[in-house]
Amino acid sequence: MVDLHNRLYDDHAYDLDTEPMSWWRDSCAVPQFLYSPLQDDRISDVAVIGGGVTGLNAALRLARDYGQLVTLLDSGYPGWGASGRNGGFCCLGGSRLSELSIARSLGAEEAHRFQKSQLDAILHVEQMLDQLGLDVDRHSKGELVVAHSPRQAEAMREEAPLLAQKLGVGADFYSPSALKEQGAHISGHYGGLHLKAGFAMHPLKYTTGLATACHEAGVRLCGQSDVLALSYEPTGRVRVHCLEGSVLAKRVLLATNGYSSERCPPVMAGRTLPLLSTILVTRPLSKQEQQAQGWWSDLMAYDSRNLLHYFRLMPDGRFLFGMRGSCNASEAGQKRFESEVRKEFNRLFPAWAGVEHDYFWSGLICMTASGFPYIGPVEGAPNIWAALGYHGNGLAMGSWAGAQAADILASKMRHDALPAAFRQPLKTFPFPALRKLYIRAGILGLGLLDQLP
Ligand SMILES: Cc1cc2nc3c(=O)[nH]c(=O)nc-3n(C[C@H](O)[C@H](O)[C@H](O)COP(=O)(O)OP(=O)(O)OC[C@H]3O[C@@H](n4cnc5c(N)ncnc54)[C@H](O)[C@@H]3O)c2cc1C
């Protein structure tokens, strides 16, 4: 497949025909109706481009709660992108900036609103699961942040009591021996912070459940419908063009995150920075194997590195281990990176060095120049809106952002009612043609920082 969108990575990252077989894909059926392409010319109130958690939450709210006529288009199928292949951590996050720099750039009150939106995002997903009655193999009460250096451990120890005051989230610091007692032992680490917010889930069961709910609410879901161009009618409406059909819509929502096109619309060129994130999943580990390593906790966890590792023991005993740090999405590049990930896994969990991994896959996350997620109009493209840029933490935040975008598009909420963090201009990256270089330099620099004691 040749990518017509001039995107940043090797075509392999966008190739709909060679979707990696993830554990999620192998343990969740994707209904056939999610593959039906757009094959006619139709009219909608809103056309949503991108069927991940952002697009699906937006479409569902627009159709079910506001009675809007919605068409959702995805190049693959709803859930094909990062939303159906992520680590399943429904957790805090969404920005790449530290708390201090957020407070410096937005002021204390807006920084607090941004923090609160992260909790609201988790709550939003919880409500969706309850409302729709979705079984998503949920586990983990909160998340564990493991300190990879004594300095990080000290910072966490000091931070723990403050988090309850600042965020209203319970947080306990555990020494390495206390973690070991709880079955959360990881080699060469210095304790960890248990944040009592968030939970883990099967992400494809979530997106498939959302897509089914959209279908039932009357959303026209179109898989295999790559949007190739957007044009304006004299009325100001936007025509969304696919190979075999089009949608004429009053408004369009770009919910394409790490898979955003550089050409569709052309004003989006250089405004996003996609990054690869990769996951391996082992075969189920026996109770004895879990004991041997000292990890039987069901807490989802990540470490304090800049190039972080994220991991969790899933309900069926498989262990999921994720990592960033690759910028080569070609088949050969991914094969090489698989060995890197495996080496890291073996180093951190030496008792499992001989345990086979059954799955390895990757997907794209999305950074913005401001460092914040963006929900708002696309500058220079009337009636086209975007919700994207969750910096690798979009399962909760993207779900919430989609719902907020729906409120705004249906005129139920003013755009300026959003916390300021989400309204920072979606600027073009400086020298966008050099983004791959930034990524390489970033990986190198952050890797070195992570070596500091
Ligand atoms: C390996 C990995 C692990 C991750 N782990 C976590 C985690 O544990 N917790 C967490 O919070 N976040 C995680 N993330 C990030 C999270 O998955 C994303 O932030 C989130 O899914 C973004 O959702 P989205 O709906 O905005 O975009 P996506 O789910 O990426 O969906 C975008 C969709 O747009 C479609 N599209 C793009 N262009 C077009 C076009 N021209 N026409 C039609 N369709 C188009 C694509 O096909 C795609 O399906 C992870 C990401 C990856 C890749």
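I checked the ligand first: domain 1 (11–87 + 204–272 + 369–445) and domain 2 (138–200 + 275–366) both give residues to the shell around the ligand, so the ligand lies between them. The domain bounds come from an automatic or database domain assignment.

This is a predicted model, where local features need pLDDT of at least 70, side-chain atom pairs count only at pLDDT 80 or more, and totals for chains, interfaces and linings use all residues. Residues are numbered from 1 along each chain as its sequence is written.

I got 46 residues around the ligand, the closest being Gly 52, Gly 81, Gly 87, Gly 363 and Gly 394 (near means a C-beta atom, placed from the backbone, within 6 Å). Helix 2 (53–65), strand 12 (273–282), strand 16 (357–367) and helix 10 (394–409) each give two or more residues to that shell; helices are DSSP runs of H or I, at least four residues, and strands are runs of E, at least two, numbered from the N terminus.

Next, the backbone. I found a cis peptide bond between Cys 264 and Pro 265, with omega about 0°. Pro 265 sits in the loop between strand 11 (246–254) and strand 12.

Ser 140 has about 75°, in the loop between helix 4 (108–132) and strand 4 (143–146). Is Ser 140 buried or exposed? Ser 140 is buried, with 23 other C-beta atoms within 10 Å (20 or more is buried, 12 or fewer exposed, in between partly exposed; C-beta atoms are placed from the backbone). Asn 6 has phi near 55°, but Asn 6 is exposed, with 11 other C-beta atoms within 10 Å.
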